[in-house]
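Welcome! Take a look at the structure, then read on.

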Amino acid sequence: MRLLLTGGLGFIGSNLVRHLLKTYPDYDIINLDAQTYAGHPENLEDVANNPHYKFVRGRIEDARLVNHIVSGEFAGKIDGIINLAAESHVDRSIENAQVFVNSNVLGTQVLLEAAFRYGLKPGTKLGVNPEYTIRYVQVSTDEVYGSLGPTGFFTEETPLAPNSPYSASKAAADMLCRAYFHTFAMPVVITRCSNNYGPYQHPEKLIPLFINNLMNNKQVPVYGDGKNIRDWLHVEDHCRAIDLAFHKGVAGEVYNVGGNNERTNMQITKLLLSELGKGEELIKYVEDRLGHDRRYAIDSSKIQNELGWQPKHTFETGIHETIYWYKNNQDWLQKVTGKHVDVQTETTRAQEAARLQQEQSAAAAQAAAQAHSVTSPPAVI
Ligand SMILES: NC(=O)c1ccc[n+]([C@@H]2O[C@H](COP(=O)([O-])OP(=O)(O)OC[C@H]3O[C@@H](n4cnc5c(N)ncnc54)[C@H](O)[C@@H]3O)[C@@H](O)[C@H]2O)c1
C-alpha cells in the first residue's frame, strides 16, 4: 500500500505519519508538505531515514506536482490520499483569508481531481458503479458546523454554518468532497474532529502557546471572558480515527470524532497554571476574537458504533503527558518558535501580508524550478 499523505510536517500529520509507519510497517508513505511556518521537518526527524517514508516539499494546489505523484510517475502507484494539508489557524484567517482559500479549497480540489483522474479503473464507465483504485480521506474539523448554545451536540446531520474564514474554507473543501462522491461515485470519506492536543503542536495554538509562555514566566492571553468551550481529544486518538476512516469508512460518509471532554478556555488555563506551578497573575485578558464561536461539542457515536473507534487517552492523563512532553522538548520548542509569530499579541495585518507574500514568492520560485524538471522526480529529502 502506498499513501500520499499531505501536511505531514504539521501537528496532526506528523503524528499520523508516525502512527501509520508503526502500525503498517510495509506501507509506503509520501508526505507532501509546503513546509509553511507550521510545517517542521523536526517533527519527523525520527522517521526521516525510514525507507518507507519519502518527503516532497510542495503545495497541494500545484496540480502539476500532485499529478506527478498521484499518477505513479514519482514513486509508483498510489492507493490512497489522506489530506491534512491546510492553513489551520483561525486568527491568521481573520488577518488574511486568501491563502486559506488557496490551500484549503483549491488544494483539496486539485487532490480530488488527481484521485479521480488516476484512480478511476481503466475501461470503467461513469454512472454504472465505477471502480476506483485510490481511496481519499479529507481531514476536516467540527468548526464547519459553526457554534452551539449551552446544550446539544454536532452530529453528521448538523447543517454546515462556518463562522470564520478558516472554517468556511474547510466547509468549502468538504462540499467539494461531497460533490466528487455524488458526481463520480469516488470513494471519499470525511472526518470532522474536535480540538486536538498532544506533542508537536505549533506553539501558536492555545495549549502549547500557554505551556511555552508559562515555562518562561510570560503572561497567557485569554480571549474575552474565557468562557468559550471546546471539546479536546488527544492527537493519537484522532490518528486512530483517521486510520479507521481510511481503511473501513464507507464511501461518501462523514464521521465526527470527539473526546467528550468539554472545557472552557479558562478551565484549560487554570489547569495549565496549576500543573506548571504558576499563579493567576500571569493571566492576561485580551479583546475577544472577531466572530468567536462560543461552544463546540461533538457526538461521535457514529464512528464508535460503525467503525469501532474509541478514544484511549483520558483528558487528565493525556494533558499531563502533553505538558511533560513540552517540558522535555524545549529544544524543539525553541527551534519552531524561532519561525513563529504570536498572532494573538503581535501580528498586524501588514506583518501577516508580508509573511504571505514571502511564502508565495518562495512557492512560485519552487513551482518555476519544478516546471523545468517535471520529467525528473521532485526533490526528496
Ligand atoms: N489541530 C486541530 O485541533 C484540528 C482539529 C480538527 C481538524 N484539523 C484539521 O487537521 C489538519 C491538520 O491540522 P494541524 O493542526 O496538524 O495543522 P498544522 O497547521 O499544524 O499543519 C498543517 C500542515 O500543512 C502544511 N500545509 C499548509 N498549506 C499547505 C499547502 N498548500 N500544501 C501543502 N502543505 C501545506 C503545513 O506546512 C503544515 O505542515 C487540517 O486540515 C486541520 O483543518 C485540525
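Let us begin with a pair of helices: α1 and α7 make a right-handed crossing. Their axes approach to within 9 Å, at an angle of roughly 60 degrees. This is a predicted model, so please keep that in mind throughout the tour.

Which residues bring the two helices together? On the α1 side they are Phe 11, Ile 12, Asn 15, Leu 16, His 19, Leu 20 and Thr 23, and they meet Val 235, Glu 236, His 238, Cys 239, Ile 242 and Asp 243 of α7. Sorted by class, this contact holds seven nonpolar, four polar and two charged residues.

## The seven-stranded sheet

Next, find the open sheet of seven strands. Read across, its order is β3-β2-β1-β4-β5-β6-β10, and the pairing is parallel. At the edges sit β3 (residues 53-57) and β10 (residues 254-257), each with pairing on one side only.

## Helices lying across the strands

Helix α1 turns up again here. Spanning residues 11-23, α1 lies across β1 (2-6), β2 (28-33) and β3, and its direction makes about 170 degrees with β2.

Helix α5, residues 165-184, lies across another part of the sheet: β5 (135-141) and β6. The angle between α5 and β5 is about 155 degrees.

## The three-stranded sheet

There is also an open sheet of three strands, in the order β7-β9-β11, with mixed pairing. Its edge strands are β7 and β11 (262-264), and each of them pairs on one side only. The twist here averages 50 degrees from one strand to the next.

How do β9 and β11 run relative to each other, parallel or antiparallel? They are antiparallel, and three bridges join β9 (residues 229-234) to β11. One example is Arg 230, whose bridge partner in β11 is Arg 263. Helix α7 packs on this sheet, where α7 touches β7 and β9 and makes about 75 degrees with the direction of β9.

Now turn to α6 (residues 206-215) and α8 (residues 265-275). Their axes come within 10 Å and cross at roughly 35 degrees, and this crossing is right-handed.

In α6, the residues in this contact are Leu 206, Ile 207, Phe 210, Ile 211 and Leu 214; in α8, they are Asn 265, Ile 268, Thr 269, Leu 272 and Leu 273. By class, eight residues of the contact are nonpolar and two are polar, with no charged ones.

## Around the ligand

The ligand has 31 residues around it, and those that come nearest are Gly 7, Gly 10, Gly 39, Ala 86 and Ser 103. Which classes make up this shell? Twelve of its residues are nonpolar, 14 are polar and five are charged.

Several elements already met on this tour take part. Helix α1, strand β2, helix α4 (98-119), strand β5 and strand β7 (195-197) each supply at least two residues of the shell. The most comes from α1, which gives three residues.

## How confident is the model?

Across the protein, the mean pLDDT is 92, and 91% of the residues reach 70 or more. Confidence is highest in strand β4 (residues 80-83), at 99, and lowest in helix α12 (residues 349-372), where the mean is 65.

Where pLDDT is low, the predicted coordinates should not be read in detail.

How values were computed: Residues are numbered from 1 along each chain as its sequence is written. This is a predicted model: local features need pLDDT of at least 70, side-chain atom pairs count only at pLDDT 80 or more; totals for chains, interfaces and linings use all residues. Two strands pair if DSSP finds at least two bridges between them. Helices (H or I, at least four residues) and strands (E, at least two) are DSSP runs, numbered from the N terminus. Two residues are in contact if their C-beta atoms, placed from the backbone, lie within 7 Å. Axes are lines fitted to C-alpha atoms, for helices over the stretch in contact, and angles run from 0 to 180 degrees between N-to-C directions. pLDDT is the predictor's confidence in each residue, from 0 to 100. A residue is near a molecule or strand if its C-beta atom, placed from the backbone, lies within 6 Å of it. Ala, Val, Leu, Ile, Met, Phe, Trp, Tyr, Cys and Pro count as nonpolar, Asp, Glu, Lys and Arg as charged, and the others, Gly among them, as polar. A crossing is left-handed if the near helix is turned anticlockwise from the far one by less than a right angle, and right-handed if clockwise.
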